Structure formats: C-alpha cells, structure tokens
Amino acid sequence: MNTKLEPTISRRRFLASTSMATTAILLAPRHVLAQDDGLVQTARKTAAASTITVQKLRGNVSVLLGAGGNIAVLPGRDGKLLIDAGFAGARPKITDALASISSDPIKHLINTHWHFDHTDGNEWLHSAGAAILAHANTRKHLSAATRVEGWNFTFPPSSAGAIPTEVFEDERTVQLNGTTIALKHYAPAHTDSDISVHFIDADIFHVADTFWNGYYPFIDYSTGGSIEGTIHATEANLAKVTDKVIVIPGHGPVGDKSQLTFYRDLLVTVRDKVATLKNQGRSLDEIVASKPTAATDAKWGGGFMSPKQFIGLVFQGV
C-alpha cells in the first residue's frame, strides 16, 4: 500500500487551472515529472495567456487577480506600490492593468514571501524602477538554490535585480502615498518567509498565502511551512480582522472575516480528523478513503490541490 505523498500536480490539471481569472497559477502534489519538463517551467511559459482582472477596493487600493499570486496596488504621488510581483511572463498584461489604474510610475514592491508566483516578476519591476522590500527569509531563499519537494523543483539563485534590497525581521511600518502600511512577519506558516500587509487607513488586509479563498492550500514543508503554522497564522489574521475589513488572499477572490473564519475552521477540522486517524495507526491511503474533507470537497476540491493532495499535506504535518 502506497502511503507516500506524490510530489507534483498533473500537467492536465495545471493547464485547466490557468484559465481561472480569479485565481493564480499554482502548483500542488500529483505525478512525478522531470525538472526539465516540470510545472514551474510550464507556469512561466503559459503565464502570458493568463487573464488579469482589476478589482478596485477602497482607499485607492486595487487588486490584480490572475497574474500569479494576487497583487495589491496603491498608486499616488510617491509612485505605485505593488504587493507581490506575479509571473514574469504576465508582464505585458500586468503593465496594461497597472496603466488602467493610473499613470504613476512603479516605485515600490513588497514581496509577501519567496514563492515564484509572487516574486517571478521582481526583476522586471526592479528594472522599471521598483525598490524591493521583503522579510529576511525571502531574500535568503531568493539568494540561494532552494528546493521545494512538493513541486519537484530546485530554484536557482535569482538575479541580483530580483533580490530584495531592504529586509526586516519582525515588523515594519511604511508611509507611502498618504497612507500607513503595516508589515508583520508570521511565525513559520505557509513558508518561513510569510508576511501580512495592512493598509491601515483603508482597512484592507493582504494576508497572501496564509489564506486561500475557496481552494485547499499548498503548504511548503521544504522551507518551513506546516499545517500547524498555517492554522496559527489564520488565527492571528482573525484576531486583527473585523467585519469591515477587506481581506486579500494569496489566491482566490477577495474575501472578508466570515470567509477567513470558514477557512480557519476547515483547517482545524481536517487537521483534527487526520491526526486522530493517524494516531490510531491508519495509513494515508486509509485516511484518504475515509474522506475527512467530504463536507467541503464539492466547493474547495476543484482547485490546484485535490482533496487527496491536501489530506496528504496535513498527514505529513500531524
């Protein structure tokens, strides 16, 4: 009986996912593929065909959906600020989307974590004029060869222009375009480099890949992520969110407190079910067969992570 978590998503599943305008191209465990023909390269090659939607929020903040991880944009006299960079291959469409928001030049970029669907565009945005700010672990992973077992891929060191020039360890407050932006590092969650970005005046909270709205999440155990850390991050988010706060997830549509609460409850419920069965000596295959995610599969199981893949990630961490 095979109880090993399979490490990459199938090409067919990936290509089907690239047409979703409200989600990013993201990878998840499925069939083993050689690195030279893998899903990271496929994501980069097909990014130019993605559809990007601009959604205006409030306080002059907009979000670009479909270019990789969700990108928040704050224009103004200090130049455009972007939260995350998306895929490099989506550059023409990102450029058009940014131009539709304002004519302000690109001057600032904040990476919410190191994963390539959030940092692949770092180099071109830097060349366009952006100074890059991130957590210290984001610079660490982008500066060295970094392996993600769940994607069966080793990322080489990024080019000098793609590496954040300014980093912080715990908290940072930024004043740009007449607003206050609070940055906070999570304890290891989805990775060891995740941060939240709170637009204080607009009360918009970008929590990146600590929240996948409508999809089972990928957790990167290779660079410090865990199911427990993901739950703790979601609880930290809920402690800051009121019914009036707009919540930008890393993937999926813009959400609110009720959706974030549902997500937290989902993670906790599945974690507890899988842990109980694993402690009883059940194998991964037996746990999958018991369908601990059955209550949410119809709504949440059609994205990048199948129910089996998500259960496998939880099994790995309990």
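**Entry 1**
I began with E171, which forms a salt bridge with K184, their closest N and O atoms being 3.2 Å apart. For my own reference, a salt bridge is a side-chain nitrogen of Lys or Arg within 4 Å of a carboxyl oxygen of Asp or Glu. E171 sits in strand β10 (residues 171-176) and K184 in strand β11 (residues 179-185), so this pair ties together parts 13 residues apart in sequence. Helices (H or I, at least four residues) and strands (E, at least two) are DSSP runs, numbered from the N terminus.

I noted that this is a predicted model, where local features need pLDDT of at least 70, side-chain atom pairs count only at pLDDT 80 or more, and totals for chains, interfaces and linings use all residues. Residues are numbered from 1 along each chain as its sequence is written, and side-chain values use heavy atoms, leaving out hydrogens and water.

**Entry 2: buried or exposed?**
I looked up E171 and found it exposed, at 54% relative accessible area, while K184 is partly exposed at 25%. The cut-offs are under 20% for buried, over 50% for exposed, and partly exposed in between (1.4 Å probe, protein chains only).

**Entry 3: a pair across the chain**
Next I checked R44, which forms a salt bridge with D120, with the closest N and O atoms 2.9 Å apart. R44 is in helix α2 (residues 39-46) and D120 in the loop between α4 (116-119) and α5 (122-127), 76 residues apart. D120 is buried at 17%, whereas R44 is partly exposed at 31%.

**Entry 4: the whole count**
I searched the whole structure and found nine salt bridges.
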